[in-house]
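Good morning, and thank you for the time.

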Amino acid sequence: MPDIEPASRKEMRHRTRDLLIAGAVLGGNWFASRRRPAKAKDLPVGLVYTPSESMISPMAEQSIPHFDNSMRLAVEVHAGEPGEDEEDADEALDDTLDAIADEIRELLLCSPAWLEGVAGVASVEIEKQPESGGEIHFGAVRLVFQLVIGESYWQPDLDTPLRKIGLRPVAELDGEGEPVLDDEGEPMLQQFGFDMDGDGKADVEAEFDIPQD
């Protein structure tokens, strides 16, 4: 079982937003939302959201469902750069988005508080995209963090707790998988190598009590 409580999607969105606001990135104009309408006067604006989470089982067959969990956390910035010269404005916007992305990446990866409840960061992707031109040239940059959250176990919800386990003998098999017969033609039973009732003989049946919390 993991020693730490894994961070949830909501917790990571809000924690990331709060850290970026506290770090005065974009003047604190951050929202824990995938979409938020913004006008040119509101830019730059930052959005934090968790587009996906994955649960992968390390084993196909298991009695208790057990998964390795990871989530993708996206930090998206929309910005604008004024200028009549399209080439100069686009170049300036590209430089601005690069600087913002580098600032965000350094602030988050160097923050112990941000990594609380996170087992590791598997990867960081940075994507930039121009949006439109005109008097103000708009663009966006998105950082996607692949966060390893840790393991999760899903215990079955039993209405009646398990109190005993019973062991019963099985027939001994030969090399071809057929039961081995005794002198009377009956299957020979495998015996447990311990004495449960104290009679000095190995028992072929046993019951164990399971401690209850």
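What percentage of the 213 residues in the protein chain is made up of buried residues? Buried residues account for 23% of them, where buried means under 20% relative accessible area, exposed means over 50%, and partly exposed lies in between (1.4 Å probe, protein chains only).

Two remarks on the source are needed. This is a predicted model, in which local features need a pLDDT of at least 70 and side-chain atom pairs count only at pLDDT 80 or more, while totals for chains, interfaces and linings use all residues. Residues are numbered from 1 along each chain as its sequence is written, and side-chain values use heavy atoms, with hydrogens and water left out.

The predictor's confidence in each residue is its pLDDT, from 0 to 100. The protein chain has an average of 80, and 70% of the residues score at least 70. Confidence is highest in helix H1, at a mean of 96, and lowest in strand E6 (residues 164-167), at 66.

Let us turn to the layout. The protein chain has 2 helices and 7 strands, in the order α-β-β-β-α-β-β-β-β from the N terminus. Helices (H or I, at least four residues) and strands (E, at least two) are DSSP runs, numbered from the N terminus.

Now the interior. A nonpolar core is a set of buried Ala, Val, Leu, Ile, Met, Phe, Trp, Tyr and Cys residues joined through side-chain atoms within 4.5 Å. The largest such core holds 25 residues, and Trp30, Val75, Ile104 and Leu147 touch the most other members. Helix H1 (9-22), strand E3 (66-82), helix H2 and strand E5 (136-153) each supply at least two residues of this core, and H2 gives the most, with 6 residues. In soluble globular proteins, nonpolar side chains tend to be buried together.

Which residues does tryptophan 30 contact, leaving aside its neighbours within four places in sequence? Among them are Arg17, Leu20, Gly46, Val75 and Ile104, where contact means heavy atoms within 4.5 Å.

Next, the charged pairs. A salt bridge is a side-chain nitrogen of Lys or Arg within 4 Å of a carboxyl oxygen of Asp or Glu. A search of the whole structure finds 7 of them. In one, the side chains of lysine 128 and aspartate 98 meet at 2.8 Å, N to O. Lysine 128 belongs to strand E4 and aspartate 98 to helix H2, so this pair ties together parts that are 30 residues apart in sequence. Lysine 128 is partly exposed, at 34% relative accessibility, and aspartate 98 is partly exposed at 32%.

A second salt bridge joins aspartate 102 and arginine 105 (3.0 Å, N to O). Both of these residues lie in helix H2, 3 residues apart, about one turn of the helix.

Arginine 142 is in strand E5 and glutamate 127 in strand E4, so the pair links parts 15 residues apart in sequence. Through shared partners, salt bridges also join Asp94, Asp98 and Lys128 into one network.

Finally, strand E2 (residues 45-56) contains proline 51. Proline 51 is partly exposed, with a relative accessible area of 27%. Not counting residues up to four places away in sequence, proline 51 touches Arg34, Arg72, Leu73 and Ala74.
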